[in-house]
Structure formats: C-alpha cells, structure tokens
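Hi,

Here is the structure I promised to pass on. Have a look at it first, then read my notes below.

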Amino acid sequence: MYRTLEDAFSKENNFDLLRLIAALLVLYGHSFIMVKYNAYPAPFSDLMNALSPWKDDWEDLAVNIFFVISGFLITASYLQSQNFFSFLKKRIIRIYPAAVVSITLCVVLLYFTSAVPFQDYFFSDMTREFWIDNSTMRKTRYHLPGVFEEVRVSRVINGSLWTLPLEVKCYLYVAILGLVGALRHRWVMNILVGVVAVSIAVPGWSNWIVGAPDKMRVYSFFIAGAAIYANRDFIPLGRLGLALFAVLFTTLVFWPAEMPGAHLLYVITISYAVLGLALFKPLRAINLRPIGDWSYGVYLYAFPVQQTLVWAYPSLTGWGLVMAATPLVLLCGALSWHGVEKHALRLKTVKLLPSVQLPFKWPLKK
C-alpha cells in the first residue's frame, strides 16, 4: 500500500474518472434550478450547504474538484515541461480548441432558437462580443440576441463558462511562479501558501486576493492542489491518510461555518479527499483511458444542451432534465474529445516556436 501521495502519483490514477464525475455533477446540480415549473435545489444540496462555509451546492462542489485537481496537475505539468514556453503551449492547446469549437457551435446552432433576423443576429455587437470574449477567455459573456428569453434561467447561454478565465489566470500564475523558480523550492511554495491560508482563515483578509466569494473559493482550491503537489512526499496515504481524513471531516462537521478558519478547513478537507480518491488504488479498475477524457466536453456542452431542452420542452422536471440531458451531453463530450481535443493534443510534439531556454535554471528541490 502506498504511504504518500508521491508514491501513488508515479503509477496509474483516477483523475479522468473524478473529472467526469465532477462534470456530471455540474449537470445534475444545474438541472433543478433550470426547470420552469418546479425549480428547487438539487436533492441533498442541504447536506453540501451544511458542510460548506460558502454554502456550496453540487455544481459548486464539482468546480472545487476541478480546481484542486487542476492545481495539482498543472503544477506538475510546469515542473515536467522543458521550459516556460513549452508549458504555455501545452495549456493553450488543452483548453482553447474545444472551447472555441463549443462557443462557435452555440453561436451558429442557437440562431435557430431565436426570433431575431439573420443579419441582426450574426452582425450584432452582442454576438461578436460573445464569440470573441468567450473564445479568448478574456471575459465571460452569457447572452446572444433573442436566445432563451422565455426559460427560467433567462438568456444565459452557458453559465459554466465563468470558470474558464479563472482557469487561464491560474495557469499564468503557475507560469510566473515557475519562471522565478518558486515552484522548484518547496519552502518558498509553503511560505506563499501560508500567506494565502492565513488570509482565507481570517474573515475579511482575503479581499486583497480577490473580492468575489466564488473567485476566492476556486482560487483557494487551485492553490490547495498546488500546495499538496509541492508537499506530496510528506502527505500520507493509505491507513494513515484515511485516519487523517476522518479527523479532518469530523472537525469540519462540528466546526461552525461562521467561526474563523471554517473556509480553510473546508478547502483542506475537500482537497485532501479529492486527491486521495484520485490516487486510491481500488478505483483504478474503472479505467477510462480506452474511451478518452470526455470531462471537458461534458462541462462545455452541458449547460447549452440543458437550456435547449428546457426551451423545447418547458414542462420538464428536474429529474426529467437530468435523464434527458445526460446521454446527449455524454455524446457531446465524446465528440469533443475524439473530434477536437485528441487531435489538438498532438500539437504538443510540434514546435510552434523555436525552443527558447531561459538564461538561468533553478535546481529542483522538493
């Protein structure tokens, strides 16, 4: 049995499975707030609300899972990259092509749900801003002319896109930390993480990082993933890890959400659970590699597919929307992986720019 996260990380893992589960959790959570006649939070959301100081629902938990995994793997990706530019190229070809295709398809196909004339639709400032800003991930735009105006979550084309600009910013922060050598020195990372942890723990101190609570939450989970990777040699797994998680979870259950430290405790507990499951050996029997990583496509297409179903069938219930949307969204995820993402990833081996080595090189110190 593995003793630390480092021991387990060098072998097969469950990251693809957890990301797919998280993407489907987003679909599940959104389904119950999108229907028109019986909108209510997803079943068992009150359990999540009780545990989370941010009052997370299932879709929020899913985003937390994505960002802690991303923090862990993106930090590893930088340290395994040949140089700064190699890292940025890998990140660009992983996140942008599938998103641009999804956004373009939304613009084109959702025209047929709009009553706005062709010229007014395709040549409007709203359509142009939707495509450009979302495709570049500079800023999230939610509206297209005349689309989804009568549904409960009115005019929102894809409510899940808000996380993509934050993900890109996280990539840039990792690149900057890697460029100055901080990622290669565990003690430097721990000092930086300690400053952030104190800011999260003390009410009101986190505003210097970012003001919006949702942004603070996802950044916190990304930072937690990066910190766990930096300390992977010292973080227990196996029986000791299970005992540690039991202590953390029990403390979280009985720790009042309004008390200082509740947010930090929640981030640590969920992050440790997610990465522990990602490296948990018995789960590896569910191997998704033969079918590919559908999770990103599922995440990109779930919201517009659900909105389209609600627009077409306004009497759908929450569970009805889950059942109708899930197979369609899984199909979209499969097509995105096999039609776009898999081919884009082949560009990793293509030299788009000359190989540029930095004038300095920091030694690797765990």
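Predicted model: local features only at pLDDT ≥ 70, side-chain atom pairs only at ≥ 80, totals over all residues.

Residues are numbered from 1 along each chain as its sequence is written, and side-chain values use heavy atoms, with hydrogens and water left out.

**Overall build**

The protein has 14 helices and zero strands. Of its 366 residues, 51% are buried (buried is under 20% relative accessible area, exposed is over 50%, and partly exposed is in between, with a 1.4 Å probe and protein chains only).

**Back to that loop**

Most residues other than glycine have a negative phi. F148 has a positive phi, near 60°. F148 counts as buried because its relative accessibility is 1%. R155 is also found in the loop between α7 and α8, and has a positive phi of about 70° without being a glycine. With a relative accessible area of 28%, R155 is partly exposed.

**The largest pocket**

Rolling a probe the size of a water molecule over the atoms shows where empty space is left. The search used a 1 Å grid over the protein atoms alone: a cavity is a set of points where a 1.4 Å probe fits but cannot get out, a pocket is an open set with protein on both sides within 12 Å along at least five of seven lines, and lining residues have an atom within 4 Å of a point. Points are joined across faces, edges and corners, and a volume is the space filled by probe spheres set on them.

The largest pocket holds about 1,200 Å³ of space. It has 39 lining residues, and those closest to its centre are D16, R19, L73, R94 and D293. Helix α4 gives the most to this lining, with 10 residues. By type, the lining has 20 nonpolar, eight polar and 11 charged residues (Ala, Val, Leu, Ile, Met, Phe, Trp, Tyr, Cys and Pro are nonpolar; Asp, Glu, Lys and Arg are charged; the others, Gly among them, are polar).

R94 is found in helix α5, and it counts as buried because its relative accessibility is 17%. Its side chain makes a polar contact with the side chain of E341, at 2.9 Å (a pair of N or O atoms within 3.5 Å; within protein, one must be able to donate a hydrogen and the other to accept it, and residues adjacent in sequence count only if both atoms are side-chain atoms).

**Charges over rings**

R91 lies over the face of Y171, 5.4 Å from the ring centre. The charged end of R232 sits over the ring of Y229, at 3.9 Å from its centre. The rule asks for NZ of Lys or CZ of Arg within 6 Å of the ring centre and within 35 degrees of the ring normal.

Cheers

Key. Helix = DSSP H or I, 4+ residues; strand = E, 2+ residues; numbered from the N terminus.
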